[in-house]
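Please read each point beside the sequence and the structure.

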Amino acid sequence: MAPTHDPVAILGIGAMGHGMATSALRAGLPTIVWNREPEATRDLAQLGADVAATAGDAAGRAAIVVTMVTDADAVISIARDQGMLAALAPGAIWAQMSTIGLSGIDAVVALVEKERPDVTLVDAPVSGSKDPAAHGELTIFASGPDNARAPVTPLFDALGHHTIWVGPVGTGTRMKLVNNTWLAFGAEAVAASVALAQQLGLDTKTVVDALSDGPLVSSWQAAKLQRITMGDFSPQFALHLALKDVHLALEAAGDDRFAVLNCLADEWQHAVELGFADEDITVVTRALEGQGGTE
């Protein structure tokens, strides 16, 4: 990437934001980072990132500002309380890439329309976890005005292997809810099947070998099965975040027609209460097997 590209700012350096910042730097994009806890940005500074003292400072020096945080409350706090929105230059682009649900994106749209109508909002949540973020292999569900596509393309190309423009602002969030519902059922298939195998006295590795080469298992599920075999539940996509996304989908549905998804949410909530919240989504397997969590 040409070094003359306008700076981008990434606000929120958690597992996803850190990987995205790494991918932007690897592509040669001048990258400004900010996080509430500065320690998370230390290694990014060693990679060439400019670490901002405040969210407002980062936003004021960037042509494109990405927010990648846990939920809608955190997004609004950064935008309003941390001074990000006020600091944006006229004509700047705010790429909101967190998963925040319909009420969340509606609140963001309303905030921009009220306080900064001169700023272009792009709603672009992503599909992928920690490793894809770090390797620039996310899928981006982008939505927003046509005139925003060209300016964000270098950044989105650095962050993901596929950007799908799905419509006006808010459509990206809707697509992400559908994507994460698919993911939730895929993860549940892995967890429930392996737990059943354990109950039936089957060796987990044998089961994984038998299933992995079949047509029913996606590459994502195959990777999850291998991690379960190794007993590796380190968070690629933490259970509590996956559960949050399930609740966002149920909230968007607005009724009780998705009974199975409601049951899945109850099961995962139980796993969280057992102490598995911060482990990978695959840890539901351990909860179903009846193993206790961590204190």
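In which sense, left-handed or right-handed, does H9 pass H12? H9 passes H12 in a left-handed crossing; a crossing is called left-handed if the near helix is turned anticlockwise from the far one by less than a right angle, and right-handed if clockwise.

The model is predicted, so that local features need pLDDT of at least 70 and side-chain atom pairs count only at pLDDT 80 or more, while totals for chains, interfaces and linings use all residues. Residues are numbered from 1 along each chain as its sequence is written, and side-chain values use heavy atoms, with hydrogens and water left out.

1. Helix H9 with helix H12. Helix H9 covers residues 171-199 and helix H12 residues 239-253; helices (H or I, at least four residues) and strands (E, at least two) are DSSP runs, numbered from the N terminus. The two axes are 9 Å apart, and the packing angle is about 125 degrees. Axes are lines fitted to C-alpha atoms, for helices over the stretch in contact, and angles run from 0 to 180 degrees between N-to-C directions. H9 and H12 are therefore oblique to each other: angles under 35 degrees count as roughly parallel, over 145 as roughly antiparallel, 65 to 115 as roughly perpendicular and the rest as oblique. On the H9 side, the contact (heavy atoms within 4.5 Å) is made by Leu177, Asn180, Thr181 and Ala184, and on the H12 side by Asp245, Val246, Leu248, Ala249 and Ala252. By class, six of these residues are nonpolar, two polar and one charged. Here Ala, Val, Leu, Ile, Met, Phe, Trp, Tyr, Cys and Pro count as nonpolar, Asp, Glu, Lys and Arg as charged, and the others, Gly among them, as polar.

2. Helix H9 with helix H11. H9 also packs with helix H11 (residues 219-229), at an angle of about 40 degrees and with the axes 10 Å apart. The crossing of H9 and H11 is right-handed. H9 contributes Leu183, Gly186, Ala187, Ala189, Val190 and Val194 to the contact, and H11 contributes Trp220, Gln221, Leu225 and Ile228. Eight of these residues are nonpolar, two are polar and none is charged.

3. Helix H4 with helix H6. Ala72, Val75, Ile76, Ala79 and Arg80 of H4 meet Gly104, Ala107, Val108, Leu111 and Glu115 of H6. The residues of this contact divide into seven nonpolar, one polar and two charged.

4. The nonpolar cores. A nonpolar core is a set of buried Ala, Val, Leu, Ile, Met, Phe, Trp, Tyr and Cys residues joined through side-chain atoms within 4.5 Å. Buried means under 20% relative accessible area, exposed over 50%, and partly exposed in between (1.4 Å probe, protein chains only). The largest core has 31 residues, of which Met20, Val66, Met97, Ile140, Leu155 and Phe156 touch the most other members. At least two residues of this core come from each of strand E1 (8-11), helix H1 (15-26), strand E4 (64-67), strand E5 (93-96), strand E8 (138-143) and helix H8 (149-159). A second, separate core of 29 residues includes Ala187, Ala191, Leu264 and Val284.

5. Glycine 101 lies in helix H6 and counts as buried, at 1% relative accessibility. Beyond four places in sequence, glycine 101 is in contact with Thr173, Leu177 and Leu248. Lysine 176 is found in helix H9 and is also buried, with a relative accessible area of 7%. Not counting residues up to four places away in sequence, lysine 176 touches Thr99, Pro125, Val126 and Phe141.

6. Alanine 192 lies in helix H9 and is partly exposed, with a relative accessible area of 33%. The C-alpha atoms of alanine 192 and valine 284 are separated by 8.1 Å, although the two are 92 residues apart along the chain. Threonine 163, in strand E9 (residues 160-167), is partly exposed at a relative accessible area of 22%. Leaving aside neighbours within four places in sequence, threonine 163 is in contact with Ile140, Ala142 and Phe156.
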